[in-house]
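User: I am new to this structure and would like to learn how to read it feature by feature. Could we begin with what surrounds a ligand?

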Amino acid sequence: MSKLFNRNTQAIFWNNNKTAIQRMLDYDYTIKRETPSVAAIVAPTSGNKFEKFFWGGDEIMIPLYKSTAEAKAAQPQADVLLNFASFRTAYDVTMEALNLGGFRSIMITAEGIPERLARGMNAFAREKQVTVIGPATVGAIVPGAFKIANIGGTISNIINSKLHRAGSCGLVTRSGGLFNELSNIIAINADGIAEGVAIGGDRFVGSVFIDNLLRMEDNPDVKYMILLGEVGGTEEYKVIEAVKSGRIKKPIIAWCIGTIAKYYDSGVQFGHAGASANAETETAEYKNKAMAEVGIHVPSSFNDLPEVINGVYKELHAEGIIKNIAEPELNVVPNVRRPKQFICTISDDRGDEATYAGFPISSVATPDTGKGIGDVISLLWFKKQYPEWATQFIETVLKTVADHGPAVSGAHNAKVTARAGKSVVESLVTGLLTIGPRFGGAIDGAAKYFKYADDHHLDPKAFLNYMKKEGVPIPGIGHRIKSLKNPDLRVEGLKKFAQEYFPATPLLDYALTVEQLTTSKKENLILNVDGTIGILMVDMWRALGYSEEEINEFIESGTLNAFFIVGRSIGFIGHVLDEKRLAMPMYRHPMDDILYDVQEAEKL
Ligand code: ACO
Ligand code: LMR
């Protein structure tokens, strides 16, 4: 790979460092990237599923994951890891990512990773052919394509330093601060940079000068390179060798800072851990001299660096190697931005026609579309287009549970309320409020417990014992009037549908073995309509390819009971309208139907 990043590069950002991520996204927006440069955030201790960020004046959601493995599995295209873990954790995070694979480069910001660990980590990365930027760095940038976190500073500084679009210089520094300084100097004296890396200030960093310069030598966008070395270490000599051998042919301008060190006694340690000369060959002065000797452009002092850059740039421009750059049009990030209070991911009413999960209502509403209420539910509840067997199953469930006569808890409540003179909606709600663990609302519980038992390979007896210990009747088992002798034909209908159209029904098959045991104890302990629905929905989702985690989430959030709620609303409304049509008077319960057992209250 001759280029470090391109306009499609996406990263996984380890740590929810909101300011740094927002800076990346502001950069993306400014340069009109199509996709955000951060595809996922790893936040091990967060319970949130996403973090909102501004995208220009608008907002986008970036998914949050608990581990790098989860993030990588969900966003496999993200091949850069931005490791913003602390120095205590950064090593483990990097090693995990290297073992996982799929990352082209890993940037490590932490300063102070123990040197022994850093050396092992860097060697392992080299073995895996992963470019490590850092530790102890602000990162790297390919202007106009991808920028890591805070490199280049604010957007206005970035534009002033021409870091918003590709120039022709390849810049490698150790320090992040001097990287910014140099970008500015290059913008003033030349046409900006094509690729820039601050390799980091620790003694043992992953990619060293030569790795980056060799890549830049092979990168056609880079026409010349600038190397800003410093006192300490011998990495500059590898560059000298590459120039000598002809491996690097593009012009290099270089300067090692720290020439002042000679005015101090030996052993002066500058800001970076690596910035200390242990031998004469590690002094800045010695290295500058050695570089000049092989034809590298070395100024006489740091102050002369701009002039040398300008000279090399002008020469390459005159030779036609560097062409003039057309300045791209940029987006402007608004100064005032307001975060949105609500999020909607299912429907959109802003266009000419409102949509259900991206489908205009007219494309699903009328009979000629061939779509039914099952399709509408799959779009609005699950944001997916389910196959016909699944939408037909959903519709079968709704039709099956629409009503079960006036005597059941909910219908009774709705009727009493209607007779008290209340409206359709008020009466409906009182009916709906009875839906719960005993009546109609055992679907979630049935799915949860039967799935648990099946997942844990509990045989029916073990399952019954387990439920006994839990102290709850098995949701989905038992009925007041239905039994082996008086079978519930709704259940038979649902089972028949599933056996005919489902690819497989493993959970139903298991539930039927449980039913055999419960009905052997008492004949009304059948698999009831709630149980059948809950269990078959799990079989449906498994067949549709949902993960166990996603299915558990559906169950936990009460999705399954919602099928009963929607279906039975039809019946409740029917009963309410029936009461109104019949103009029934207020209901009073017959007193002889109540056991009165009221004692005089004891005086305390
Ligand atoms: N699991 C285990 N044992 C049960 C279950 C069950 N789900 N339901 C009843 N039993 C047992 C009771 O423990 C009791 O045992 P015992 O005689 O040894 O004391 C016996 O069966 C009778 O219990 P009741 O509560 O009197 O049974 P009833 O027939 O009145 O209950 C009900 C019916 C409420 C549906 C009950 O079976 C139950 O709670 N089931 C679980 C919840 C459920 O699935 N509800 C949805 C029903 S379908 C619908 O509403 C659309
Ligand atoms: C229903 O669907 O409402 C029932 O199964 C409950 C009942 O008692 O009939």
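Analyst: Residues around a ligand can be sorted by class: Ala, Val, Leu, Ile, Met, Phe, Trp, Tyr, Cys and Pro count as nonpolar, Asp, Glu, Lys and Arg as charged, and the others, Gly among them, as polar. Around ligand 2 the shell holds two nonpolar, two polar and two charged residues. The model is predicted, with local features needing pLDDT of at least 70 and side-chain atom pairs pLDDT 80 or more, while totals for chains, interfaces and linings use all residues. Residues are numbered from 1 along each chain as its sequence is written, chains are lettered from A and ligands numbered from 1 in the order in which they are written, and side-chain values use heavy atoms, leaving out hydrogens and water.

User: Which residues are around ligand 2?

Analyst: A residue is near a molecule if one of its heavy atoms lies within 4 Å of it. For ligand 2 these are His404, Val408, Phe439, His479, Arg490 and Arg568.

User: How do I read polar contacts here?

Analyst: A polar contact is a pair of N or O atoms within 3.5 Å; within protein, one must be able to donate a hydrogen and the other to accept it, and residues adjacent in sequence count only if both atoms are side-chain atoms. A side-chain N or O atom of His404 is 2.8 Å from an oxygen atom of ligand 2, and the side chain of Arg490 also places an N or O atom 2.8 Å from an oxygen atom of the ligand. For Arg568, a polar side-chain atom lies 2.7 Å from an oxygen atom of ligand 2. Alone, ligand 2 exposes 270 Å², of which the protein buries 82%; such areas come from the Shrake-Rupley method with a 1.4 Å probe, and for residues only the protein chains shown count as cover.

User: Which residues come nearest to ligand 1?

Analyst: Ligand 1 has 20 residues around it, and Arg438, Gly476, Ile477, Arg480 and Asn528 come nearest. By class, its shell has ten nonpolar, six polar and four charged residues. Backbone atoms take part in its polar contacts: a polar one of Gly440 is 2.9 Å from an oxygen atom of ligand 1, an N or O atom of Gly476 is 2.8 Å from an oxygen atom, and one of Ile477 is 2.8 Å from a nitrogen atom. On its own ligand 1 has 910 Å² of accessible area, and the protein covers 63% of this.

User: Is Ile435 buried or exposed?

Analyst: Buried means under 20% relative accessible area, exposed over 50%, and partly exposed in between, with a 1.4 Å probe and protein chains only. Ile435 has 15% relative accessibility, so it counts as buried. Its place is the loop between α15 (424–432) and α16 (443–455); helices (H or I, at least four residues) and strands (E, at least two) are DSSP runs, numbered from the N terminus. Contact means heavy atoms within 4.5 Å. Setting aside neighbours within four places in sequence, Ile435 is in contact with Gly440, Gly441, Phe564, Ile565 and Phe572.

User: How many residues of helix α13 are buried?

Analyst: Eleven of the 14 residues in α13 are buried, including Trp389, Phe393 and Leu398. The buried residues pack against α12 (373–382), α18 (489–501), α20 (529–543) and α22 (559–581).
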